[in-house]
Amino acid sequence: MKRMMTRPEKFSIYWKQFLRECDNFGYGSLGIVALVSVFTGAVITIQTIYNLSNPLIPMYSVGIVARDSIILEFSPTIICVVLAGKIGSNITSEIGTMRVTEQIDALEIMGINSSAYLALPKIIAAVFIFPFIILLSAFLGISGGYLAGTLTGKISSADFIYGLQYNFIPYNVQFALIKSFVFAFIITSVASYHGFHTKGGALEVGKSSTYSVVYSSILILIGDYMLTQLLLV
Amino acid sequence: MIELKHISKNFGERKILSDISSVFEKGKVNLVIGGSGSGKTVLMKCMIGLLEVDEGEILYDNRNFSSLDFSERTPFRKEIGMVFQGGALFDSLNVEKNVMFPLSMFTNMSYEEKMERVNFCLHRVHLENVNLHQPSELSGGMKKRVAIARAIAPNPKYLFCDEPNSGLDPRTSIVIDNLIKEITMEYEITTVVNTHDMNSVLEIGDKITYLHQGKKWWEGSADDILRTNNKELNDFIFASKLAQSIKKIA
């Protein structure tokens, strides 16, 4: 970590790497994020409607539940666990393959700080791009819930939108963004660490990728609990 | 010139290199030979700073390399070119960008100047019209040649090659050997080659260092090697019947 935080050999090269990683993490993750968000948002809404058997509970509470569960938990945490699988394993296998094929040694011999060159742009790009992904996921999740609820006729559009607006706490969005920063750092740094410490061949690269996903998922869940305890309660 | 003074290296309790001293001269192809596990790759890794020596000194033109830390070694590293066993080309970059990489990283050359240098280096290793190919599209011999082009692009003073002929057919091996020899002489580079290819030993070796059980067992020229009575070296070099018949002729 200490070696990574050194002055770049050439800023323009690192900048290009940063932009490439932003594109890779952001644009490259849109498909899976959109798919998971829309369907999970729809499921959250339908299940909430299904469980609302008490006529004293107003229908607009479906919008409240969908909004809060998506903003507080689903988008920042579950999407980050999904991204740990997609981006984390990708980073570990990329760096791990570079390690076992001596590409990292080649960088070192050229006088390039390999950990800074390979890991730093990834970490910064993830910390920068994840909040946008999480905001998009929240929007798509709520939209998916809205469509599932209204198109099936289980809830009116007015009730759902009223629920979304009712007692809205802007701090919840800030909380989601704080979680996304932390989880972005966890995913990329754990994945890079496992990539750099890969030894052997293709089999070990696969194992490192698996460990990377497992450890970052566990750290995300622990981090989720700690951040919730610290920032919400 | 690279000078090794009493180099020792251990991995835990296991002694890998023991009291190795040698001088690798400028403008010559210096071969380090030895069986598997003899320590030649570890020695090369120590020389280029991928591993730290436990004892001894490594001097590049009388400048102590082994006592420096990573950042202090950066100026040295810019003078070093390395050809890895598998080529170690960057998978994400095409041939042109692989060769251009050290130039982009450490020089302020314009794009046109860099392209000129890249094309010159690729031409020098007899590679034409492969600029936009990805490393995965190249044959083993072509990968090695691109690796040599990348290594010589920043005009290194020292060139290291780790088993440059491994996995290549005999004809391509000769091409690679000749390239290394020509480049060494042409640019007055200090070249160190790890090999167990006997053709390389006899064809391009100006000076040969034989490692056995982590120790320098023998040192001499290609001519000397045919006449040596060193048992371990003879067992290693003349293991095949073809090599034995060459020795008889010599």
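The legends below describe several close-up views of a predicted model. Local features are given only where pLDDT is at least 70 and side-chain atom pairs only at pLDDT 80 or more, while totals for chains, interfaces and linings use all residues. Residues are numbered from 1 along each chain as its sequence is written, and chains are lettered from A in the order in which they are written.

**View 1. Chain B as a whole contains ten helices and ten strands.** Helices (H or I, at least four residues) and strands (E, at least two) are DSSP runs, numbered from the N terminus. The radius of gyration of chain B, taken over C-alpha atoms, is 18 Å, close to the 18 Å that the globule rule (2.2 Å times the number of residues to the power 0.38) gives for 250 residues, so chain B is as compact as a globular protein of that length. Of these 250 residues, 43% are buried, meaning that 20 or more other C-beta atoms, placed from the backbone, lie within 10 Å of the residue's own.

**View 2. Four strands of chain B form an open sheet in the order S2-S1-S4-S5, with antiparallel pairing.** Two strands count as paired if DSSP finds at least two bridges between them. Strands S2 (14-24) and S5 (63-64) of chain B stand at the edges with a single partner strand each, so one side of each has no neighbour in the sheet. Strand S1 (residues 2-11) of chain B pairs with S2(B) over seven bridges, and B:Ile7 has B:Ile20 as its bridge partner in S2(B). Helix H1 (residues 40-48) of chain B packs on the sheet, where it touches S1, S2 and strand S4 (55-60) of chain B; a contact requires C-beta atoms, placed from the backbone, within 7 Å.

**View 3. Chain A and chain B meet in a contact that takes 13 residues from chain A and 14 residues from chain B.** On the side of chain B that touches chain A, helix H2 (70-77), strand S6 (80-83) and helix H3 (95-106) of chain B each supply at least two residues, and H3(B) gives the most, with three residues.

**View 4. The largest nonpolar core has 118 residues.** Such a core is a set of buried Ala, Val, Leu, Ile, Met, Phe, Trp, Tyr and Cys residues joined through C-beta atoms within 7 Å. Its largest share, 13 residues, comes from helix H3 (residues 61-100) of chain A. Among the residues with the most contacts inside the core are A:Ile187, B:Leu43 and B:Phe160.

Technical notes:
Two residues are in contact if their C-beta atoms, placed from the backbone, lie within 7 Å. Axes are lines fitted to C-alpha atoms, for helices over the stretch in contact, and angles run from 0 to 180 degrees between N-to-C directions. A residue is buried if 20 or more other C-beta atoms lie within 10 Å of its own, exposed if 12 or fewer, and partly exposed in between; C-beta atoms are placed from the backbone.
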